[in-house]
Amino acid sequence: MSSVPGDAGSAPAAGPYGEIFDRGYQHYQGRREGRAHAVRALTLYSMRRALGVKKRWTAKIIPIFLYAAAFVPVVTIIGVRALVTQVSAQLAEGFNYSFLAAAISPLLLIYAAAAAPEMLCDDRRENVLPLYFSRAITRVDYLLAKVLALGLLMGSIAIVPLLVLFVGNTLLADAPLTYLRQHPGDIGRILITGTLLSVYYAAIGLVIAAFTARKGVAAALYIGFITIETGVVEALSLAVSGAWKDYLDLFSLGNVPDRIVQWLLGPASGAGSAPVGAPLQGWTYLFTVAAVVTVCGVVMHRRYLAEE
Amino acid sequence: MMSLSRRAPILWLTLRQFRAGRATWLAALFAATPILLAVIHRLGSRSVSDAEFLANLFLEVLAPTVVPLATLMLATNALGNELADRTVPYLLLKPIARARIVVEKFLASALVTSLTLAVGLLVTWAVASSGAERSSRMLAALLGGTLAGMLAYGALFMLISLLIQRALLVGIIYALIWESALARFIPGVKLLSIRHFSQSVFVRLLDDPTVTLDRALQLPSALAVLVVVTVAALTVASLLLRRINAA
């Protein structure tokens, strides 16, 4: 009877039943870092992934192109102004904060299109969300970390080049300290503009990424949506007539960043788009930004609450 | 149907993949946006004539935005998804020549894209123009220009999708941002852009003295460019696919 395979596993009647073996498992004795640390770690990891750290070189092309496109012009202009003093004043006038910010705005659009899907799409596609949520972080923490990561990345392109220009302006001025005293609000305005633009582009990018499985499709949808929506609003403004026509400009999502830049940093020469009707007060575009960010936040929160 | 699945199995397979994926619907959505603009034109104050509207629509909306978006969506998916999902080995293990896989994949994406774009254009043309102003020449020019741009974008970016993972994003950056930047800053380089080539085909087919394009190509040279670009892209793509090991 003992040759029957199933027989070997059955316990002898006399022996103890349900013995506990010591396999050497140990309790974790180290520090427990908690939610805040988990959010920081996830933020850092998301940023590294979007930048293509430790990935194939093809994943790094777009970040490198974006950082080069954002920083090379400003560094070049400052260099030329430092070396060729005759053209310095003329260059300083043409290449001001507003011009630079309006030129960087399309780069932010590309950045959001490239990085936002990188934040959200793969985690859902590869079914690793349950792993995240079985850890210390909650769903809101997860979203917060992703928003923070994208915001920091985009801020590095929306704010830092302008700060470089500010430092350049200060150092190239005849009397740097006097220049600082004469332009006290510049840093504040640069920070506010960069933050508004980053948050605005990031919010739309993330909400689209939250509903698409493939990264490429999410990016295409994002850029396509913004471009076509802006085109439709422009066509609409040509077709209708009425007092409310000017307010259509508030809805042309692709042009709102230009308006914010023009409001906070002054008009730019030869950069940015013209409003569809009579120009509106600059602060009214804050409503668009606030509405877009709120709607995107709520939609994303709902989406991830329902996510299993 | 049976004969298609026998004669062109990869074509058949790709069409089935397109039917299952959501990218096809997105491409159709993009292809349908001109209809919205046509409706706005119809209901609006009619400050421009119908022919003028359609010509502007093609030169400023269709060729720069709608055609590349709708085309890239499927052209980069056809082979790119097989790479992303690591299903290329199963494809390559079949006793089918690599060149044939490339051609059939391209044909499938071109077929679906041209169908959606053609339907969108047909409805747009019917909505935007009425009565005496409805000209079949305009429709032919719209279809011809779109088809030319679609084929060139499709072949080129199917090749790119074999080379890099983010082909769709790179393609959109190229089509929407790079080509407009080129057109603005270096007018001569426009001759190398697909958008300009597709606009030239439109202008030449329309043959209307009021619709002009800076440095438009002649029709025969435009056709030559189309053939060269498509054949070269497909050839390089099949050479690249030949270098991938099946196992």
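Chain A has 13 helices and zero strands. The model is predicted. Chain B also has zero strands, with ten helices. The two chains touch, and the contact takes 24 residues from chain A and 27 residues from chain B.

**Chain A: overall form**
- From the N terminus on, the elements run α-α-α-α-α-α-α-α-α-α-α-α-α.
- The radius of gyration of chain A is 27 Å, well over the 19 Å that the globule rule gives for 308 residues, so chain A is more spread out than a compact globule.
- Along the principal axes, the C-alpha atoms of chain A fill a box of roughly 100 × 50 × 35 Å.
- Of the 308 residues in chain A, 35% are buried.
- Take the contacts in chain A with a separation of 6 or more: residues 24 or more positions apart account for 82% of them.

**Chain A: confidence**
- Chain A has a mean pLDDT of 86, and 92% of its residues reach 70 or more.
- Residues 1-9 of chain A have a pLDDT below 50. Beyond near neighbours in sequence, this stretch has two contacts in the model.
- Where pLDDT is low, the predicted coordinates should not be read in detail.

**Chain A: places to look**
- Gly18(A) sits in the loop between helix H1 (5-9) and helix H2 (34-51) of chain A.
- Gly18(A) counts as exposed, because it has 5 C-beta neighbours inside 10 Å, and 12 or fewer is the cut-off for exposed.
- Gly18(A) and Gly266(A) are 248 residues apart along the chain, and their C-alpha atoms are separated by 79 Å.
- Helix H7 of chain A covers residues 139-158. At 1.5 Å a residue, its 20 residues should span 28 Å; the end C-alpha atoms are 28 Å apart, which agrees.
- The buried residues of H7(A) include Tyr142(A), Lys146(A), Leu150(A), Met154(A) and Ala158(A).

**The nonpolar core**
- The largest nonpolar core has 150 residues.
- Residues of both chains are among those with the most contacts inside this core: Leu108(A), Tyr111(A), Ala112(A), Leu206(A) and Ile172(B).
- H5(A) gives the most to this core, with 20 residues.
- Ala112(A) touches Met154(A), Tyr201(A), Ala202(A), Gly205(A) and Tyr222(A), not counting residues up to four places away in sequence.

**Where the chains meet**
- Chain A brings 24 residues to the contact, and chain B brings 27 residues.
- On the side of chain A that touches chain B, helix H3 (57-83), helix H5 (97-125) and helix H11 (215-239) each supply at least two residues.
- H11(A) gives the most to this side, with 15 residues.
- This side of chain A divides into 18 nonpolar residues, six polar and no charged.

**Chain B**
- Read along the sequence, chain B follows the pattern α-α-α-α-α-α-α-α-α-α.
- The radius of gyration of chain B is 19 Å, close to the 18 Å that the globule rule gives for 247 residues, so chain B is as compact as a globular protein of that length.
- The box filled by the C-alpha atoms of chain B is roughly 60 × 40 × 30 Å, taken along the principal axes.
- Buried residues make up 45% of the 247 residues in chain B.
- Among contacts in chain B between residues at least 6 apart in sequence, 83% join residues at least 24 apart.
- Leu219(B) belongs to helix H10 (residues 219-243) of chain B. With 15 other C-beta atoms within 10 Å, Leu219(B) is partly exposed.
- Leu219(B) and Phe197(B) lie 22 residues apart along the chain, with their C-alpha atoms separated by 9.7 Å.

Notes. Residues are numbered from 1 along each chain as its sequence is written. Chains are lettered from A and ligands numbered from 1 in the order in which they are written. This is a predicted model: local features need pLDDT of at least 70, side-chain atom pairs count only at pLDDT 80 or more; totals for chains, interfaces and linings use all residues. Two residues are in contact if their C-beta atoms, placed from the backbone, lie within 7 Å. Helices (H or I, at least four residues) and strands (E, at least two) are DSSP runs, numbered from the N terminus. Ala, Val, Leu, Ile, Met, Phe, Trp, Tyr, Cys and Pro count as nonpolar, Asp, Glu, Lys and Arg as charged, and the others, Gly among them, as polar. pLDDT is the predictor's confidence in each residue, from 0 to 100. A nonpolar core is a set of buried Ala, Val, Leu, Ile, Met, Phe, Trp, Tyr and Cys residues joined through C-beta atoms within 7 Å. A residue is buried if 20 or more other C-beta atoms lie within 10 Å of its own, exposed if 12 or fewer, and partly exposed in between; C-beta atoms are placed from the backbone. The radius of gyration is taken over C-alpha atoms; the globule rule is 2.2 Å times the number of residues to the power 0.38. The expected span of a helix is 1.5 Å times one less than its number of residues.
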